[in-house]
Amino acid sequence: MAEGEQMLEGFLCSICKTDLKTPHQLTKHFEEYHNDNPEILKTLKELYGKAKKKILKHEGSSEELVTLDTSLKYRESSLDFYYNDWEPQELGETRSYTRYFTEVRNVRLERYSAETNKLIIRLDKLLNELPSDPISRRVHEQSIVPWIDDKSVKLCPTCARSFHVARRKHHCRLCGAVMCHDCTMFLALGDARNMVNPTLVQDDSAISPTSTESRISGRFVRAGIGLSKLARSPSSGSLNSIISLVNDPSRSEQHFRLCVHCEELLRFREQLKERKLSKPIICQFYEKMRSYIDEANEHSVMYNKMCESLRKGETTYNLQDAQTLRVKIAKLAENIDLISKRISILGIKDVDNPPKGQTLKLQQMIRSAATTFLKEHLLNSKPLPTEEEYTAFKERRRKAIEDRIEHERQMEMEELQRERRREQQNREALISDFVIVSRNDQMILDKSQGWGPSSATPILASSMDPIIEQMNNLRAYIKQARDAHKYDEVATLETNLRELQSAYFAMNQGNSSDS
Amino acid sequence: MVVIMVTMASRSTAQRPNGSTQGKICQFKLVLLGESAVGKSSLVLRFVKGQFHEYQESTIGAAFLTQTVCLDDTTVKFEIWDTAGQERYHSLAPMYYRGAQAAIVVYDITNQDTFVRATTWVKELQRQASPNIVIALAGNKSDLGNKRVVEFDEAQTYADENGLLFMETSAKTAMNVNDIFLAIAKKLPKNEQTGSAGTSGQGRRLVEVEGQKTTTSNCCK
């Protein structure tokens, strides 16, 4: 490694030092070109024979010539053993990729980063306390970036054309070099501030990725774009640029004149920045789609729950609510479908650079994943019962419940009778207990059947009652919960509202019976 | 009147038709009680939305909020009833603590009266709420330590004597807010969803509600 450059490696010819890549070629080369020395050829062949033996030999049979085939078989049969067979190997030639990397990187650093940083620092200095008065502004500019003496420049260094009255000399404000008007650009002060200011890195336009390219190039205004601009811009058109500056100070405030080289560096930096910040359009589409999918997932869980409950004839959830939710899910599904379709054909119309390879594959995969999701989760969802069906379900459930109640009551009776037989002494007490209990049951049944939610409205007159207040509260909550598709909450709140209503009713009845 | 209370208790604790028992989801009814302006709503707002308002409006009636907490393999959904502390709403409170599996009784550590009120709430709960209700005592406004009137030890001793969970909380700094809810969630029984339906039903097993919705203690859904 120490004399790295001197050291040659490979299958070298010992006479002419050429690298022959393979031993076979080396021997052939020797036979052809150095045939005059058969001794060497012989030793060479011997050398390879030995090396070959050494490589292919296995323990204790160095004399024996082992063919490649058997050695291969041997290797297959016992891999460990094969490895043990090797002598400890010396470290071969190493190559430092870091050094190679730094070499490549240094060039870039010098060419781009260091140079660009210098420009940014200068731009920052230029912008700092920039005088609005054109003359002092010029002094300010020159104090930061010394201008090249324009007498020493005969031709425009970029386009190599000579300067004359119509093609005047201009100084780049960032490197001080002299260029012709066509080889300079204008950088608006506002844009310059954005470039320098680290906090203003991301602006709204970064969100619409399509315009990125055009936006960056739009920051640099081609100096010779229009005659009017040319005539009015500070140090161009007119012979006496200072006078023109005085004449049009507002103009001079808006731009810095840069040479194309500086402009290129700055633009490159902006593009890098932009690339780091802006997400590719496909990401944005995908994120949007993901959010739809998440939302749909959440809703479909709720929907399935509601649907199942409704099909059982329960009244926990509202049929209309479920229908709204279904519509909502359908809309989400539509959106997902649309957006995934858009992803799949993203860039297809771009004739010059259509998506291909992994990009295309990714796009198609996203689309197929979305369709699979739609098929599995959203399109397969059970249909809701119609109004009539729902009524039937409810009826069936009510019957089942009645049967159950009947059954339980019978069980209770039997239990009671059994107990009655067992405990003759306590019989009376038990019966009276039971009578009370069953009477309670009956009363509740009547009351709740007679009073639905709507029947509470006429009592609203005494709105000072806390219960009334709370009922109004609950109604507002229910509306909110429903808007938020929180149907579990709707159910709880509705239950509570019913509780309040029955409590209120009972209270009123109690009062009226008292009086 | 008694009849109605019993009905409501079993109704509100009744098992919700959860469709299927996907994973393990527990729903718990939790009620907040305490003197007005001790920070009940702030506590809930902090727990549910992570927000804090310096000037929280006083609650009317009872506010309803839900929050889901994941605990090991179970998902605990709190249905929180944040009651108004003002005396005129006192009559509403039983409606919300009856059938509740958990209650947080809140007092303000800078106000002795609120602590006294909290102890009466605890007594009321022990008397009238479901017997296995989990009660937590929260000494709120712990960020105002320099104005403290109720000593930590005093409250802790009281809580220990009555078997309450106890923490000093601060809705403003979020201190111990999630912790107290989490402690409650841990203490609640997870195996049966309706912690207290059977007991609060006082021996009756069936209640018919509005002719359609029936709830039983050990449900058939």
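Trainee: Leaving aside its neighbours within four places in sequence, which residues is B:Ile104 in contact with in this predicted model?

Mentor: The model is predicted. Neighbours within four places in sequence are set aside here. The remaining contacts of B:Ile104 are B:Leu30, B:Val31, B:Leu32, B:Leu33, B:Ala136, B:Ala138, B:Ile180, B:Phe181 and B:Ile184.

Trainee: Which residues touch the most other members of the largest nonpolar core?

Mentor: In soluble globular proteins, nonpolar side chains tend to be buried together. The largest nonpolar core in this model holds 106 residues. Those that touch the most other members are A:Ile336, B:Phe78, B:Ile104 and B:Leu137.

Trainee: Which helix supplies the largest share of this core?

Mentor: The core has 106 residues, and its largest share is eleven residues. That share comes from chain A, from residues 281-311, which form helix H13.

Trainee: How many residues are in the other core that lies apart from it?

Mentor: Among the members of this other core are A:Leu126, A:Cys172, A:Val178 and A:Met195. The core lies apart from the largest one, and its residues number 27.

Trainee: Why do the buried residues of H1(A) line one face of the helix?

Mentor: Helix H1 of chain A spans residues 23-33, and its buried residues are A:Leu26, A:Thr27, A:His29 and A:Phe30. An α-helix has 3.6 residues a turn, so residues three or four places apart point the same way. Seen down the axis of H1(A), the buried residues therefore line one face, as they fall within an arc of 160°.

Trainee: Which residues are exposed on the other side of H1(A)?

Mentor: The buried set of this helix includes A:Leu26 and A:Phe30. On the other side of H1(A), the exposed residues are A:His24 and A:Glu32.

Trainee: How many disulfides are there over all chains?

Mentor: A disulfide requires two cysteine sulfur atoms within 2.5 Å. For A:Cys159, the closest cysteine sulfur is in A:Cys156, at 3.5 Å, which is too far for a bond. Over all chains, the count of disulfides is zero.

Trainee: Is B:Cys70 buried or exposed?

Mentor: A residue counts as exposed when its relative accessible area is over 50%. The relative accessibility of B:Cys70 is 60%, so B:Cys70 counts as exposed.

How values were computed
Residues numbered from 1 in each chain as written. Chains lettered and ligands numbered in written order. Predicted model: local features only at pLDDT ≥ 70, side-chain atom pairs only at ≥ 80, totals over all residues. Heavy atoms only, no water. Buried < 20%, exposed > 50% of the residue type's maximum accessible area, 1.4 Å probe, protein only. Helix = DSSP H or I, 4+ residues; strand = E, 2+ residues; numbered from the N terminus. Arc of directions from axis to C-beta. Core = buried A, V, L, I, M, F, W, Y, C linked by side-chain atoms within 4.5 Å. Contact = heavy atoms within 4.5 Å.
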